[in-house]
Amino acid sequence: MDDFIAQTLRGERPAHLTQRCGDITIEWLDEGIIQLTPRAYTRGALVVSAGIHGNETAPVEMLGELLAPLLRGERPLVWRLLVVLGSPAALRAGRRFMDYDLNRLFGGRWQEATPGYETARAARLEQALETFFAAGDEPVRWHLDLHTAIRGSQFPRFGVLPARTAAWPEDFLTWLGDAGLQALVFHRAPGGTFSHFSCERFDALSCTLELGKALPFGHNDLSQFALTGRALAALLDDSPLPAADAPPRRFEVAQQLTRRSEHFVLHMSGDTENFTAFSAGTLLAEDGDERYYAQDVERVLFPNPSVALGLRAGLMLREM
């Protein structure tokens, strides 16, 4: 299991499902899912996931670099750690998804979709987190879900936090800023994302980290995310992490643009970047008789007029 990423991408099963490397026990639980348990850990339970979308490869390469010294027993680990590659089939195919967007299916939503690869995978990932968190009683639970965006962004590194009834601990938000995130987006409504599932179901401090733009394997410049990589490495072994020069800017979701019919029109160009600002009164989208206008200065996130009917075609944000 010394090259978990490469084995997964080749569709291989390790010869030994459990092994020891130094003080760490490594268990291969399923394709794309391994658990690392140090003999003594102090921080809590941590899930790090990547590859929920198969065309988002930079976080997978970053995760490989982070895992390598742990799997060789060369670096200490202070968390009970679950590592997840979300969609191995889509990663191998170089496609965003095989049948359906996996990151819309969590929280049991997979039961309402036509059965396929992603519905089965969502069920398996939910079960993996259920087993992982049930196995310990750690008061500290984190889930960092690493992604890249389809479009360019005025903030190349940003985080999306799921809806949560309790206030977010400032030390968690500070760590996200120290990890190089330039903006944080706070959801106010539930969703079908992996990070929302772990937050809602297990009270984990969860965040979707968006790191640059989606590119094929071998075409990523990981130096753009060096600060995030160093922060993750420091998190794993509890080494010091320099503070960010400036805290990330904070945004909340003002409204969601939903594609309800084939008549949906998004009044934005195909190269509109994430966080592009629109002035109050701007017509953003229309769908038959329904119109979406900016209520104030609002910035767009994840604009995509080609999503399936009933799904989000964009989020509009206001700065907090």
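Student: Which residue in S16 does Thr-258 stand opposite?
Tutor: This is a predicted model. S10 and strand S16 (residues 312-319) pair in the antiparallel sense. Thr-258 stands opposite a residue of S16, and that residue is Arg-312.

Student: Over how many bridges do S10 and S16 pair?
Tutor: Thr-258 and Arg-312 stand opposite each other. The pairing of S10 with S16 is antiparallel, and its bridges number seven.

Student: In which sense do strand S8 and strand S10 pair, parallel or antiparallel?
Tutor: Ala-183 has Arg-249 as its bridge partner in S10. S8 covers residues 183-186 and S10 covers residues 249-258. They pair over four bridges, and the sense is parallel.

Student: How far from Glu-298 is the nearest side chain of opposite charge?
Tutor: Glu-298 is found in strand S15 (residues 298-301). Glu-298 is buried yet has no salt bridge. A salt bridge needs a nitrogen-to-oxygen approach within 4 Å. The nearest side chain of opposite charge is that of Arg-318, at 4.9 Å.

Student: Which side chain is joined to that of Glu-298 by a polar contact?
Tutor: Beyond its neighbours within four places in sequence, Glu-298 is in contact with residues including Ala-254, Thr-276 and Met-316. The polar contact spans 3.0 Å, and the partner is Gln-255.

Student: How far apart are the end C-alpha atoms of helix H4?
Tutor: H4 has 18 residues, 117-134. At 1.5 Å a residue, the helix should span 26 Å. The end C-alpha atoms agree with that, because they lie apart by 26 Å.

Student: Which helices do the buried residues of H4 pack against?
Tutor: Among those buried residues are Leu-125, Leu-129 and Phe-132. They pack against strands including S3 and S6. The helices they pack against are H3 and H6.

Definitions and conventions:
Residues are numbered from 1 along each chain as its sequence is written. This is a predicted model: local features need pLDDT of at least 70, side-chain atom pairs count only at pLDDT 80 or more; totals for chains, interfaces and linings use all residues. Side-chain values use heavy atoms; hydrogens and water are left out. Helices (H or I, at least four residues) and strands (E, at least two) are DSSP runs, numbered from the N terminus. The expected span of a helix is 1.5 Å times one less than its number of residues. Buried means under 20% relative accessible area, exposed over 50%, partly exposed in between (1.4 Å probe, protein chains only). Contact means heavy atoms within 4.5 Å. Two strands pair if DSSP finds at least two bridges between them. Lys and Arg count as positive and Asp and Glu as negative; His and the chain ends are not counted. A polar contact is a pair of N or O atoms within 3.5 Å; within protein, one must be able to donate a hydrogen and the other to accept it, and residues adjacent in sequence count only if both atoms are side-chain atoms.
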